[in-house]
Amino acid sequence: MPAGCGLLGPLLRHRPLGLRAGRTVRTAALHAPPPQQGSRPMTPIFDALARHARQRPGATAFRDGERHITWAGLAQAVGRAAAGFADGPRTVGLRLAGLDYVIADLAATLAGCRVVPVPGFFSAGQVGHLLADSGAVLIDRLPRSDASMPLAYAGGADRVIYTSGTTGRPKGVVLGDRQLTAQTGALAAAIAADPRDRYLSVLPLSQLLEQICGIFVPVLTGAETVILAEGTACLFTGDGTALARAAAACRPTVTVLAPRQLTLWVAALRQGAQAPDSLRYIAVGGAPVSPALLAEARALGLPVAEGYGLSEASSVVAMTPAGGTAMQPLEGVDLRIEDGEIVVDGPAVMSGYLGHAPHRGPWRTGDLGRLEGGRLTVLGRRDAMILRASGRNIAPEWVEAAALADPAIPAAALILTGDDRLMLVLAATGSPDMAALTARLAALPDYARPDTLVFADPREAGLIRASGTADRQVAARIARCPAALLVPLPGPAAANAGVAA
């Protein structure tokens, strides 16, 4: 999903794409779960779980490696864990993985707790801040109880989603029943979710998008979810072979990927792996994706669709629907452009930032875009725009996406020098395919094409944030270093000639 997307991964920014504080008044108003009034929107999730347990008790609900659980088993496990949560702290920091996270999330919600997912890629300092800021008690194992809570949601639960942002200081986005129910229904409709689906979960469940797509939507529809550790692992190993092999074996129909995962899966397909013909929809988001990579992925059998979103709007705002060709606002989302900036309104917009005044009304995203005929084009972050001496504006995310299509480059940063030259800093784990890279960059307009490539060690302190994105200020310091490895980029004619040869 293009810039600003709250959709996806350790390498996905939830405004994984970067939280921005608006003008707020400091208050404790959002430190306690707000009382729920009227109908209880999350009830359909638990009603559906109870129904599946009655009607399809022996059918598999979730698979996690060698473990699996049926709908009846899941209902029982959630009820017992919920009884344990009901007797414990009211704000819980969930640091679990796989099937245990699924049970814990559903159970803590059923018990009316404030759920605070703890991302596994957060530093110790970030985790400490998250717990102190939210007042959460860290939970790293399922609570035990001899009792069992019925699957009758009484309301009152909410969750706080922390993102690493652009400064490394996490902020908490507060989302309640209204937001989660609206987002679950809208995403289910956008991907035409079906009980016959098999969802492949490859993003960390600490991410809001994966909680919705990998837990809530499958429970609502009765679809099976396969939690694939190899999918998350490839983000750190840089090898998509295990992801491709495991996906071919489990034959999913739907999945959500970070751009890095798509890059690595495509690389594995180039080397002879086969895409499962069961796939009907793959959403990719968290950052812009190179059009060349999208085209290649589709040609290799991956039905990729793009999306855009942010944590402040419950993750997804617009995406390419099943069978569609362009990003469109989700059902119930009021999306408009004001002074070039994307503005979002609707039931999925957050209650506010934790510890700040409640938020009401539309949310200004800080992203630039166009909306034409109901189709959204995201142009990049307003505060990241590069202005050249010629007066042309450049969204660095789209130039960087051309580099990130190479599996050897996990992070990239476009910077402008004092003499108006563009340099693209590449954090490289190996030798990239230079012919393909230069061809992708040659396809850019002249004013956006880098003059020089700068190769950097990805272990350079501060270069890659915890979210997986490059820090452009650190990249600029590396580029100015006298010992920097600089490679002049050939012009379009030379690049195209090299590809043709």
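Modeller: Two strands pair if DSSP finds at least two bridges between them. This is a predicted model.

Biologist: In which sense do strand E15 and E16 pair?

Modeller: Strand E15 covers residues 334-338. Its pairing with E16 runs over 5 bridges. One of the contacts sets Leu 335 against its bridge partner Val 344 in E16. The sense of the E15 and E16 pairing is antiparallel.

Biologist: Which residue in the hairpin of E15 and E16 takes a positive phi?

Modeller: Most residues other than glycine have a negative phi. This hairpin has 2 residues between the strands. The positive phi, near 55 degrees, belongs to Asp 339.

Biologist: Over how many bridges do E16 and strand E18 pair?

Modeller: Strand E18 spans residues 363-372 and is antiparallel to E16. Glu 341 stands opposite Leu 368 in E18. The number of bridges between E16 and E18 is 3.

Biologist: How many residues of strand E16 are buried?

Modeller: Buried means under 20% relative accessible area. Strand E16, residues 341-345, is mostly covered. Of its 5 residues, the buried count is 4.

Biologist: Is Ser 314 buried or exposed?

Modeller: Ser 314 sits in the loop between strand E12 and strand E13. Its phi is positive, near 65 degrees. Its relative accessible area is 0%, so Ser 314 is buried.

Biologist: What is the C-alpha separation of Gln 473 and Ala 413?

Modeller: Gln 473 belongs to helix H13. At 63% relative accessibility, Gln 473 is exposed. Ala 413 is 60 residues away along the chain, and the C-alpha separation is 9.0 Å.

Notes: Residues are numbered from 1 along each chain as its sequence is written. This is a predicted model: local features need pLDDT of at least 70, side-chain atom pairs count only at pLDDT 80 or more; totals for chains, interfaces and linings use all residues. Side-chain values use heavy atoms; hydrogens and water are left out. Buried means under 20% relative accessible area, exposed over 50%, partly exposed in between (1.4 Å probe, protein chains only).
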